[in-house]
Amino acid sequence: MLPKLPDCLTNFCPEVGIVLGSGLGFFAESLDVCGRLAYEQIPGFPTSTVPGHAGQFVYGKLKGRKVICMQGRFHYYEGYNMEQLSLPIQLMSSLGISTLFLTNAAGGINTLYKPGDFMLIADHINFLGTNPLIGKGDENGLLFTDMSAVYDSNLRSQIRVWAKDSDISLHEGVYLATTGPCYETPAEIRAFASIGADAVGMSTVPEAIIARQLGLRIIGLSCITNLAAGLSESPLSHDEVSQTADKVKNIFARLLAGSVELV
Ligand code: HPA
């Protein structure tokens, strides 16, 4: 059973959901805000424990679309289970969203990627060793969800064209999710490169899987905040992730808003 949400939010009827990743929460402030709902006010809802992640839904209008943003997401490495990671997506789906944008900070594995670049997620590799659909079957056989086209290819091509016309460089590639919370070893990154990963992060995949089962149209957008382990001289740090996200925040905001307008 999903928790009951306040009428002001259920009456809002959002069309688009956006999950904002590390250092990207500022984006919620670009909405014409209609309201906010702190996670702690939702019965049974987890609370965010990571620096740079506020803990609230912010909802309002963006480019004429009714949008709900998660300012602060939950990660497996915080100790939440797959059910808890699924809940926000299930709630946004129950509010009526049809399109979900999943954003994240990621380490660049593809050697063409530089910190501050953006990557549209074409596909993902679930390296979490678990799956949010485990135990979620019903008589419709929804356990065996098709994952051959998770990230909407029509909307992706429109976004690619829009980004090119807007002079925003945008890669497209494969996102691999690890549990974290430590960063990877150089040997792991070489292994991930060899199985086809272009970027690595600690989120997004559980949400994408549950959203796919719910039949949502999904777009994934990564901000490449650092070169993955072993690809640069310097050690990895959460500060570097936040600093890079902050440096490119205006471009990210333009790219995401432009993408939402295409929905
Ligand atoms: N690895 C995993 N997660 C990340 C990284 C990384 O290099 N950068 C930002 N999130």
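Mentor: A residue is near a molecule if one of its heavy atoms lies within 4 Å of it. Keep in mind that this is a predicted model.

Trainee: Which residues are around the ligand?

Mentor: The residues are Ala105, Ala106, Gly107, Tyr183, Glu184, Val200, Gly201, Met202, Thr225, Asn226, Leu236 and Val241. By class they divide into 7 nonpolar, 4 polar and 1 charged.

Trainee: What makes Glu184 and Ala105 pass the 3.5 Å cut-off?

Mentor: For Glu184, a polar side-chain atom lies 2.9 Å from a nitrogen atom of the ligand. For Ala105, a backbone N or O atom lies 3.3 Å from a nitrogen atom of the ligand.

Trainee: How much of the ligand does the protein cover?

Mentor: On its own the ligand has 260 Å² of accessible area, and the protein covers 95% of that.

Trainee: Which strands supply at least two residues each to the shell around the ligand?

Mentor: They are β5 (99-108), β8 (199-201) and β9 (217-227). The largest share, 3 residues, comes from β5.

Trainee: Where does the ligand sit, and why is it said to sit there?

Mentor: The ligand takes the space of the largest pocket. That is said because more than half of its atoms lie within 2 Å of the pocket's grid points. The largest pocket holds about 310 Å³ of space, and β5, β8, β9 and α6 (238-247) each give two or more residues to its lining.

Trainee: How many residues line the largest pocket?

Mentor: There are 23 lining residues, and Ser22, Ala105, Tyr183, Met202 and Val241 lie nearest the centre. By class the lining has 11 nonpolar, 10 polar and 2 charged residues.

Trainee: What makes the other space a cavity and not a pocket?

Mentor: In a cavity a 1.4 Å probe fits but cannot get out, whereas a pocket is open. The count is 1 cavity of 30 Å³ or more. The largest cavity has a volume of about 60 Å³, and its lining includes Arg73, Tyr76 and Met202.

Methods:
Residues are numbered from 1 along each chain as its sequence is written. This is a predicted model: local features need pLDDT of at least 70, side-chain atom pairs count only at pLDDT 80 or more; totals for chains, interfaces and linings use all residues. Side-chain values use heavy atoms; hydrogens and water are left out. On a 1 Å grid over the protein atoms alone, a cavity is a set of points where a 1.4 Å probe fits but cannot get out, and a pocket is an open set with protein on both sides within 12 Å along at least five of seven lines; lining residues have an atom within 4 Å of a point. Grid points are joined across faces, edges and corners, and a volume is the space filled by probe spheres set on the points. A polar contact is a pair of N or O atoms within 3.5 Å; within protein, one must be able to donate a hydrogen and the other to accept it, and residues adjacent in sequence count only if both atoms are side-chain atoms. Accessible areas come from the Shrake-Rupley method with a 1.4 Å probe; for residues, only the protein chains shown count as cover. Helices (H or I, at least four residues) and strands (E, at least two) are DSSP runs, numbered from the N terminus. Ala, Val, Leu, Ile, Met, Phe, Trp, Tyr, Cys and Pro count as nonpolar, Asp, Glu, Lys and Arg as charged, and the others, Gly among them, as polar.
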